[in-house]
Amino acid sequence: MKKDLLLGISAMSGLAAITGCSPAQKEETVDLKRPNVIFIYSDDLGIGDLSCYGATKISTPNIDSLASQGLQFTNAYATSATSTPSRYGMLTGTYPWRKENTGIAPGNSELIIDTTCVTLADVFHDAGYRTAAVGKWHLGLGPAGGTNFNGLIKPNTQSIGFDYEFIIPATVDRVPCVFVENGRVAGLDPSDPITVSYDHKVGDWPTGEENPELVKLKPSQGHNNTIINGIPRIGWMTGGKSALWNDEEIADVITDKAKKFICESADTTFFLYMGTQDIHVPRIPHPRFAGKSGLGTRGDVILQLDWTIGEIMHTLDSLGIADNTLFIFTSDNGPVIDDGYQDQAAEMLNGHTPMGIYRGGKYSLYEAGTRIPFIVRWPARIKNHGKQEGLFSQIDVFASMAEILGVQLQEGVAFDSRPRAKALLGDEQTDREYVVEQNLNNTLAIIKGEWKYLEPSDKPAIEGWTKTELGNAPKPQLYNLKEDPSEKNNVAGQNPEKVKELSALLKEVSGK
Ligand code: NG6
Ligand code: CA
């Protein structure tokens, strides 16, 4: 069934070239079962990085206004403390740790979502929406055995429900440093084919390891393979010179593609899944933002991210479709300060606290690893503006969307996702029954009510390259998040019954 539908998609998958948006507003029809949906994943953005969440050293006016026109979640979680698994969880509605190979993907990884899996994009596509993936992808492309970036890359996002794609294959610190549009590297000269390896050097382009004098941004950890635009990356590549991106322009390029997709789809109903490269390392702001935050490049790219959100909001306004567009803005995992480049992020913090009051950060099972900003705006539908304090997980976006659309999911589809549209849209302030979290080492935690249990792990407490406490410990940990949101006091010893209850629940959910 899915196969037939996909054949149908490929025939119409190419979007016609467009030169810009018609400013003419259309009469907006509000159908509360068919909103346009925009889901924007920022990268490594912390709950303390936005002024609407209390940051005082930086101002994010566009994201703040998105929040003030909708709902700002204070108790929302990504499934995982790194990118690939969180994205996998959101798009499949299944916890990533149920599947092998869902850890941080290299730039030549195969597509890790099975093409037979019904994804969130499939749900929208099958409901007649026009669907697109724009920006950071990081879920692999192509068949097992490594992506061939020359020619048509298949399977791609169009094999799992997206009509249009314009994507960064992995992360901006990983090769290949090119965009892929509808299965082909954008701007590739066939006479200069791309070779990529994550095992050994390919070609003769300089590397950070061999030619550190050629580097304009020095690594603090790793990041010493092929140098592209003066930045040493993870992995080696050669070829595809005409297709290489300019780091300063990535935000402009992907924002433009997203806007064009919205413009082109304004007459129909659309689902835009967008991953920003901001604020992942290397943090390279456009000159418009460089030096503007006073917090170094990490702050500058937060301003750039805020600009992107403003551009998308203005596009909706100019088309007169903001009212019936359900707009979700969030982050794939928590914040990190030094993530492998000497960009002075720590020295320039100036009192700014990306983690807020929370312990840990990206990679960690502690709160700052997965408790993320999460904002939902849908003017035609959300009437209770303000804070949503109920416990919420990105895993439930899938089933909640199906609920809004009135789509019945087949058994087994989005296995871990629960329909929570009432919480998502602020009709009620209720907690999810429980939320499961995952750190870099696949150690799990479970939150239920005010309690959080971290399963014991023999993995290291800190991996040498992160500086972040991962939350691994040989003994069980239990925190009362209401009394101790910063997870300072492990009260497992005083509460053996709670430990027993939550470890049993985690075992039941995870099957391990
Ligand atoms: C790590 C990288 C880090 C980042 C991360 C993935 C080093 C030392 N660190 O291995 O820089 O790329 O992977 O980040 O190489 S994520 O947000 O996409 O998951
Ligand atoms: Ca990330």
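View 1. E210 is partly exposed, with a relative accessible area of 48% (buried means under 20% relative accessible area, exposed over 50%, partly exposed in between, with a 1.4 Å probe and protein chains only). K201 is also partly exposed, at 33%. K201 and E210 form a salt bridge, and their closest N and O atoms are 2.9 Å apart. The term salt bridge stands for a side-chain nitrogen of Lys or Arg within 4 Å of a carboxyl oxygen of Asp or Glu. This is a predicted model, in which local features need pLDDT of at least 70 and side-chain atom pairs count only at pLDDT 80 or more. Residues are numbered from 1 along each chain as its sequence is written, and side-chain values use heavy atoms, leaving out hydrogens and water.

**View 2. K452 and E367.** A salt bridge joins the side chains of K452 and E367, at 2.8 Å from N to O. K452 lies in strand β19 (residues 451-454) and E367 in helix α7 (residues 367-370), so the pair ties together parts 85 residues apart in sequence. Helices (H or I, at least four residues) and strands (E, at least two) are DSSP runs, numbered from the N terminus. Both K452 and E367 are buried.

**View 3. D416 and R98.** The side chains of D416 and R98 meet in a salt bridge of 2.7 Å, N to O. D416 sits in the loop between α8 (397-405) and α9 (421-424), and R98 in the loop between α3 (83-92) and α4 (120-126), 318 residues apart. D416 is buried, with a relative accessible area of 4%, whereas R98 is partly exposed, at 32%.

**View 4. A network.** Salt bridges link D43, R87, K136 and D332 in a network. The model's count comes to 27 salt bridges.

Notes: Chains are lettered from A and ligands numbered from 1 in the order in which they are written.
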